[in-house]
Amino acid sequence: MRKITIIGAGSMSEALISGMIANQFIETKSLWVTNRSNRSRLATLQQKYQVSTSYDIEELLNGADMVILAIKPKDAGAAMENIKSHLSKKTLLVSVLAGISIQTLEELSNSHLAIVRAMPNTSATIGKSATALANNNNSTKEQIELVDKMFKTIGLTRFIEEEHLDAVTGLSGSGPAYFYYLVEAMEKSAIEIGLDPKLAKELIIQTLLGTAEMLNVSQKPSHQLRREVTSPGGTTEAGIRILEQHQVQEAFIQCIIQATNQSKKLGSALKNKLTSTL
Ligand SMILES: NC(=O)C1=CN([C@@H]2O[C@H](COP(=O)(O)OP(=O)(O)OC[C@H]3O[C@@H](n4cnc5c(N)ncnc54)[C@H](OP(=O)(O)O)[C@@H]3O)[C@@H](O)[C@H]2O)C=CC1
Ligand SMILES: O=C(O)[C@@H]1CCC=N1
């Protein structure tokens, strides 16, 4: 019987819990969850998913096959300090933290652990995450297969070189927020143009689903699919002209570059802190 422990009980932790449980990846009582101090949140997760919860590090980590870090990047130092002496060489450490490199995790654990760094997104909640993963050389084939299977319970997985994980964070880790931002604009415009908000939301959602499915099944590149919507002298052309005047495509490119750079910054902030305390 497997034992998995999640350190952190926020939104990403819950997405992982719900995916694992919905897919019967692990027995509920063998899935352990903890956080820093929010007892009522742990009680909620315990009631909702029948997972085990504890603040006793030994109880949490003893015999764990996998320990998943699902805390904010700034809390990585404190959390690792708390757990490092209880991690065995047989345990796979999995991190979903933005920006924190495998090397930093190795330094924080002070031992040669098997480590996998992952970048999912919040669509994990409904089993539709796009998750990229990178492992260090200490990870065994069995551990890599296990973590892949685990993340497949929340959506698509791809193993990549670690150097690209900050870019993945900027692109698909933060990605749902960009689409929500666009939907917010569409909802606001619906009011301006006199549409019922409920009807508008249904139409927006179906349009998004249809667009995603077209991109998925069609062999055509995105710019061609866009051209096919755009009749000469028509409505789309008139609308897109405004987006081009405001350089919206360029703004999205800069947005993703900035998010990628922020992921790198989060990593180097912790690294610099570690170096200065050595
Ligand atoms: N949200 C997203 O879209 C995505 C997030 N991520 C990454 O996932 C990680 C978690 O994000 P998210 O779930 O949104 O964060 P939340 O703020 O929702 O949750 C953070 C959790 O960490 C706990 N925590 C903090 N310090 C410690 C500690 N020392 N020991 C144990 N638990 C601790 C908190 O406990 P308490 O409440 O008691 O303080 C809380 O349960 C981040 O590193 C983020 O980069 C990755 C992909 C997407
Ligand atoms: O905003 C963040 O830092 C996290 C990482 C990716 C998505 N959310």
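This report walks through the fold and the two ligand shells of one protein.

**Overall shape.** The model is predicted. The protein has 278 residues, and 32% of them count as buried. Its C-alpha atoms fill a box of roughly 70 × 40 × 35 Å along the principal axes. Twelve helices and eight strands make up the secondary structure. Take the contacts between residues at least 6 apart in sequence: 67% of these join residues at least 24 apart.

Strand 1 (residues 4-7) and strand 2 (residues 31-34) run parallel, joined by four bridges. One residue pair shows this link: I4 has L31 in strand 2 as its bridge partner.

**The ligands.** Which residues come nearest to ligand 1? They are G8, G10, M12, N35 and A98, out of 29 residues around this ligand. Helix 1 (11-22) and helix 4 (76-83) each supply at least two residues of that shell. Around ligand 2 lie A98, T169, G173 and S174. The table gives each shell by class.

| Shell | Nonpolar | Polar | Charged |
|---|---|---|---|
| Ligand 1 | 13 residues | twelve residues | four residues |
| Ligand 2 | one residue | three residues | no residues |

Notes
Residues are numbered from 1 along each chain as its sequence is written. Chains are lettered from A and ligands numbered from 1 in the order in which they are written. This is a predicted model: local features need pLDDT of at least 70, side-chain atom pairs count only at pLDDT 80 or more; totals for chains, interfaces and linings use all residues. A residue is buried if 20 or more other C-beta atoms lie within 10 Å of its own, exposed if 12 or fewer, and partly exposed in between; C-beta atoms are placed from the backbone. Two residues are in contact if their C-beta atoms, placed from the backbone, lie within 7 Å. A residue is near a molecule or strand if its C-beta atom, placed from the backbone, lies within 6 Å of it. Ala, Val, Leu, Ile, Met, Phe, Trp, Tyr, Cys and Pro count as nonpolar, Asp, Glu, Lys and Arg as charged, and the others, Gly among them, as polar. Two strands pair if DSSP finds at least two bridges between them.
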